[in-house]
Amino acid sequence: MKRRRISGIMFGALVVLITVLAVIPFIWTILLSFKDNSQIVNDPMGLPASFDFFNYRKALDVLDIGRMYANTIMLAAASTAAGVLITFMSSYAIARLSFRIKSLPDKLFLFLIIGLAVPVYILLFPIYRINVKLHILGTFIGLILPYIAINISFNTLLFVGFLREFPLELEEAATIDGCNTAQTMFRIVAPVMKPTFVTVVLFNAIYIFNEFPFASTFLSDSRKYTLSLMTSMFRGQYSMDYGAIIAASIMMIIPELIFYAIFQRRIISGMTAGAVKE
Amino acid sequence: MNQLRCPSRTKIILLAPTMIMYIVFLVMPLFIAVRYSFTDFSGIGKAVFSGADNYMKLAEDRLFLVSLKNTMIIMGLSGVGLLVGSFIVALVLNEDFPGNTLSKAMIFAPYVIAPIIVGLIWGFILNPEYGLINSVLRKLGLESLCIEWIGGTKWTPVAVSMVFFWQLLGFHATIFLAGIKTIPGDLYEAASIDGCSRSRSVFLITIPLLKETIIMNVILIITGVFKIYELVVQLTGGGPNHLSDTLVSYMYYVVFTSSRYGYGMAIAVFILVISMCVSFFYLRISRNRGKEAAA
Amino acid sequence: MKKLASILIVMLASFALLATGSSESSSDGRVTITIGEHVANIETQSPHVAKIISGFLAENPDVDIQVSGSEVSEHLTKMRLAAQNDSLPDIIWLEQPIAKEMAAAGYLHDMTDDLEAYGINDSLLPGLVHSCTVDGRDYGLPSEIMMVGFFYNKTMFDELGLSEPETFDEFISVIDSIHAAGITPIAIGARSNYSVWAFQSMLTRYGFFEKLPALESGELSWVNDDFIHFFEKVATMRDHHAFSTNVATQDYFEAKEVFLAGNAAIFNSGAWDIAAFEASPIAHEMGFFWGPTFTDGVGDQRIAIKTSGGVYCISEKAAKDPSKLDAIMRFFSYYYGEPGTKIIAEETFALPTSRYNGQIDESQHPVLSEMIKKLNDDWASTKEPFSSLSTNVGNTLFDAIFGVINGIYTPEQACQVVEDAMALER
């Protein structure tokens, strides 16, 4: 019993240590958001003189933050929903269905994960051209389509990987019961794969939420701007408003963390609901 | 392994949307970029074909070689660290304890912090003069351990590895966690009835059953390190004098600051090929080992 | 299944929402001018442009103006892509090297004749006429005065009994005294590699523009005695502890805060930051000097960069439409004529690029009036070396200067680095 308690204390200490290390820079950021630029640069360690929200007021003053939120959430929702749906379909085919050419699924898998190795900056110029050709430059569609494409590799890696870890029995039983492929996929497999779905949706949405290179290059109408572009509003050619940038970023991070925390819990509840037996 | 039969029409419907999106917005752009890597294009005006010139220049470009070396150092340091670290963090977070959700969110937080803030905060922490780490070391009388974390010519890749580790720990732990959650709980129950301690069951049950998750994380870490960009730009700006640049931050400088688009694309193609080769090589050996183990 | 269905519905709804994109409306007789600016927020970051536009629109009801802007590096990337795809805005703000490359590639309008016809050259400051030319033709109008040198903290100088230095020896002894007093002499940040303006002036005092044609043709290498002497002076400054100790990890914006908080004595900057200086606690204690002269320099030593910074250009496509070109030139006439100049000087308190005859209240605007004095002093004006080089060579020059400041390069190596970049283009 005593040993149990000691290991419990050690465990608690470990949790606290990891969390604190991760969180120090975050708390520091919050403290900095109450300082003016001169204090931020010249006295980064000191406590703020008072907890005045002037940086937040300035940020809210300059930014049309409601519209930016709406734009970003819409982009993230549309591209994530479409992306997750189509990549689940293709990953299911790759991981489960039999092909005449035995090595085809593996080749498709390798082909589809090449995207992971691509630094997005090399796509800027070509996708700009493609968008001009398709007459979608500067529109949300012109962002959503590349966003879907850019997440395909990540989604494929996760979906195929997790599908391979799942046992086949359930599906075989379903097929014997006369389910067709679509029914098996969406009624039998998808509910059991809930943790994977949650993980994929989470990362797709967060990626798009924070995405900067495409949004900054393909959008030119400030009414379409997304949240990640807001730091540029406080960065002039010769000036940088650190305080406002930090305040704006905190307003962007907090909802993301809440979103993460809520979704994270779903990973667990998903498991207790779907019964997986080996 | 794949054994479910279905008509080819179904297979085409399942695969087509992904393939079309992927080809139009990823593969085609990639081909355009590769084509430009054989030209002297500046980003403005006409591109003139220059053969393999750009690739020849790579071998002689001192700054490119430095950025390659830095990337490799980061790979060595943060690659192993992230894999082991995020696995341990996932095991810890898998336990039920008060404040679990908050812990998870906080550990994940670095992943969503804006890069410009990461640069600012870690600049304050790592600054050799007045930074947090060196101040603490000096107070403890460990003056000799004070290192020129950033701004010097030697230690910057180490500093970048540290920050990269901090930033991605929560990301990879979340993926591990999703994998751990797919392991049925009754396996552990059975093990504990058989008298297997919890730490032993990690090695006997968790790790073997997480094979695919480990593969995923390794691939993501490898390709992620080859893509490190914003972190370096915000932390050191590649300085002093590009000596802390990584492959992508150097490519970005060449393409967007120096207007040497063609040459920059050659660097990009190099990054792509090396990152792909390492990933595929790893996939191959891990799959083969899996087959041997099964046999 | 229910969840998937709801996801699908969200997705389809979003697509439907997005499909109703914006469409450009063009009613009869009205002209719409688009402007691509180099700041994301015109109202706060380029207030004079916003005010000039609204003033112009009030007087010209037949014209509409749409401004889109991004932070400068994002903006330049966008404009490169737009040029390549024939979708440049009508008026484009550009850095000079890129403007010249675009002009040479045929994307920009040759405005030489229009400038004469609309009399804009007469209202520009004499040194800023023909500020962006390719083969003797005009392609850009100055957006700001590039007037660079060293700002210093007068109170600190007074306390240490120092006066404004002119020669390099005086400069070094000033640096020594400041360093001896335990203060950072010059606040500077290598992470903003372009923040070496005063060093560019120093380079012109080693005959940069006299040598440029020979450098371009390859008759002369960057590794020549004069340029080595220039870099040696930078190295001497470094050895006398002239620069912030954290120069390698700092950027221009941090250096500025350090100087404005009174933690450094000297700051390398230019006329663009007048407003920021006047808003600072040391607004009334600020002096300005052009940077040191050299006994081993080449040609006139009392020369300073008093030139044009970024420029406004017209896209070739916009100029094909005569009524649009007329509207654009009318806008420029307003901008550079009396009304625009008055707005810049009297409402936003910046240095206008056109002739201004009014009076600035010295007690209210100490830095601005000091800069106007210096602008009209007896130092001859010269251009900025960066604007006469290609983007790549210009950036390599910046890196070379900071390489010496950081102690990475010897003077000879610094010359060699720039020479290698230039050799690629010969």
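Two residues count as in contact if their C-beta atoms, placed from the backbone, lie within 7 Å. In chain C of this predicted model, 78% of the contacts with a separation of 6 or more join residues 24 or more positions apart. Local features need pLDDT of at least 70, side-chain atom pairs count only at pLDDT 80 or more, and totals for chains, interfaces and linings use all residues. Residues are numbered from 1 along each chain as its sequence is written, and chains are lettered from A in the order in which they are written.

Chain C holds 20 helices and twelve strands (DSSP runs: helices are H or I of at least four residues, strands E of at least two, numbered from the N terminus). Its C-alpha atoms fill a box of roughly 70 × 65 × 50 Å along the principal axes. Of its 426 residues, 51% are buried, with 20 or more other C-beta atoms within 10 Å of their own.

Chain C is divided into domain 1 (29–144 + 309–347) and domain 2 (146–307 + 364–423). The bounds come from an automatic or database domain assignment. The domain centres, over C-alpha atoms, are 29 Å apart. Seven residues of domain 1 are in contact with eleven of domain 2.

Chain C also touches chain B. The contact takes 21 residues from chain C and 20 from chain B. On the chain C side, α4 (72–84), α5 (96–104) and α19 (391–405) each supply at least two residues. The largest share, six residues, comes from α19(C).

How values were computed:
A residue is buried if 20 or more other C-beta atoms lie within 10 Å of its own, exposed if 12 or fewer, and partly exposed in between; C-beta atoms are placed from the backbone.
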